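Please look over the sequence and the model before reading the points.

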Amino acid sequence: MDVKYLGTGHAYEAPNSNCECDTCDAQRASGDPRDRRTNTSLAIKGVGEDYLLIDVGDFKMQQGGLRSFLEREEGESIAKGLTLLLTHSHPDHVGGIGEFDSVVRGGNSIPTYAHELCFGRLEEMDFGFLFKFGGVLERQPLRMNETYRFGEFDVRPFKVDHRSPIAPGAVGFVIDSVSEGKRLVYTGDFATMEDPSVVTRDNKPINLLIAEANWFNQLDGRKDHMSFQELLPYIGRWNPDRLQLVHQGADDELTSEDDASLVFKKRAVNPLLDRVPRTHREWEGAVRKVFLKDSSLKRYLSQEDIITYDGLTVGV
Ligand SMILES: [Zn+2]
Ligand SMILES: [Zn+2]
């Protein structure tokens, strides 16, 4: 299967045009196209016509929008083999969902799988019409830890805690390509998990782990997202062949260059490194420094695409 990263950023665009924090300044100054990130969203293509779309971002910010994604990739056929999976109801993951109404017509509704509580939030956000009156999306509530067959994919959702009740029903996914015998795991947004062992309960190896790393160091007073530092025990436990990190942006640590009154920035508790990575290149360097120091993680040093960027496609 191929994973295409439609977006790899945090809850806002990165750099944020209204933000003068050290991170946004560094991203604007870098001249590196990989430092322009839209909301995290993945398209996974199997060997046939099957396609999984995980989250839609706020598609108004995505390059070309949902319409051009559907048309650019496969023309009309993509809507036939497409299954939409939603990790949770935050606007940076579902904000663009209304666009399906103008893109998908002609009686083909797209099967849409999410936790029941996520569907409840979508209704509160007035997106319920998409599922009604012969709607363009077909509502399919997910039961945790059950396996669903979508064409050649087996998909198993697992529960994560992304600061419930702020994000009720947040999930990650174990995704198998049945014909290729490959597995990827995507955590979605998460701060912690009650039972990380559910991910590897059948002892099949993970070929690729796609994990949220919203921040580099663990931050004091922020318990709603995952940091690279706090992700390390999960990597050790799940032991994936390859690793890719998503959801980076400026919602990160207060640096010495920052105005201390920036309310969304916090200080690190016990930093892995003193210098906080701000750009794609700095993140690559920082992650490598940590892997060099830990013999169990050294094998990831041979991988050049640990830090993802918008438009990146990888084979699993
Ligand atoms: Zn998010
Ligand atoms: Zn979120």
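Predicted model: local features only at pLDDT ≥ 70, side-chain atom pairs only at ≥ 80, totals over all residues.

Residues are numbered from 1 along each chain as its sequence is written, and chains are lettered from A and ligands numbered from 1 in the order in which they are written. Helices (H or I, at least four residues) and strands (E, at least two) are DSSP runs, numbered from the N terminus.

- Seven strands form an open sheet in the order 6-5-4-3-2-1-13, and the pairing is mixed; two strands pair if DSSP finds at least two bridges between them.
- Strand 6 (137–141) and strand 13 (313–315) are the edge strands, each pairing on one side only.
- From one strand to the next, the twist averages 20°; axes are lines fitted to C-alpha atoms, for helices over the stretch in contact, and angles run from 0 to 180 degrees between N-to-C directions.
- Strand 1 (residues 2–7) pairs with strand 13 in the antiparallel sense, over three bridges.
- Within strand 13, T313 stands opposite K4, and G315 stands opposite D2.
- Strand 1 also runs antiparallel to strand 2 (residues 41–45), and five bridges join them.
- K4 has A43 as its bridge partner in strand 2.

**Helix 6 and the residue after it**

- C118, F119 and L122 are the buried residues of helix 6; a residue is buried if 20 or more other C-beta atoms lie within 10 Å of its own, exposed if 12 or fewer, and partly exposed in between, with C-beta atoms placed from the backbone.
- The buried residues of helix 6 pack against helix 4 (91–94), strand 5 (110–114) and strand 6; two residues are in contact if their C-beta atoms, placed from the backbone, lie within 7 Å.
- Just after helix 6, D126 takes a positive phi of about 70°.
- D126 is exposed, because it has 9 other C-beta atoms within 10 Å.

**Helix 7 and its surroundings**

- In helix 7 (residues 228–238), the buried residues include F228, Q229, L231 and Y234.
- The buried residues of helix 7 pack against strand 11 (208–212), strand 12 (242–246) and helix 8 (280–293).
- N239 follows helix 7 and has a positive phi, near 55°.
- A213 lies in the loop between strand 11 and helix 7.
- A213 counts as buried, because it has 23 C-beta neighbours inside 10 Å.
- Leaving aside neighbours within four places in sequence, A213 is in contact with M226, S227, F228, L231, L245, H247 and Q248.
- A213 and N145 are 68 residues apart in sequence, and their C-alpha atoms are 24 Å apart in space.
- H247, one of the contacts of A213, is placed in the loop between strand 12 and helix 8.
- H247 is not a glycine, although its phi is positive at about 80°.
- H247 is buried, because 27 other C-beta atoms lie within 10 Å.

**Nonpolar cores**

- The largest nonpolar core has 67 residues, and L52, L85, F173 and I175 touch the most other members; a nonpolar core is a set of buried Ala, Val, Leu, Ile, Met, Phe, Trp, Tyr and Cys residues joined through C-beta atoms within 7 Å.
- L52 is in contact with I44, T83, L85, F150, F153 and I175, leaving aside its neighbours within four places in sequence.
- A second, separate core of seven residues includes C19, C21, C24 and A250.

**Cis peptide bond**

- The peptide bond from A14 to P15 is cis, and its omega is near -5°.
- P15 is in the loop between strand 1 and helix 1 (22–30).
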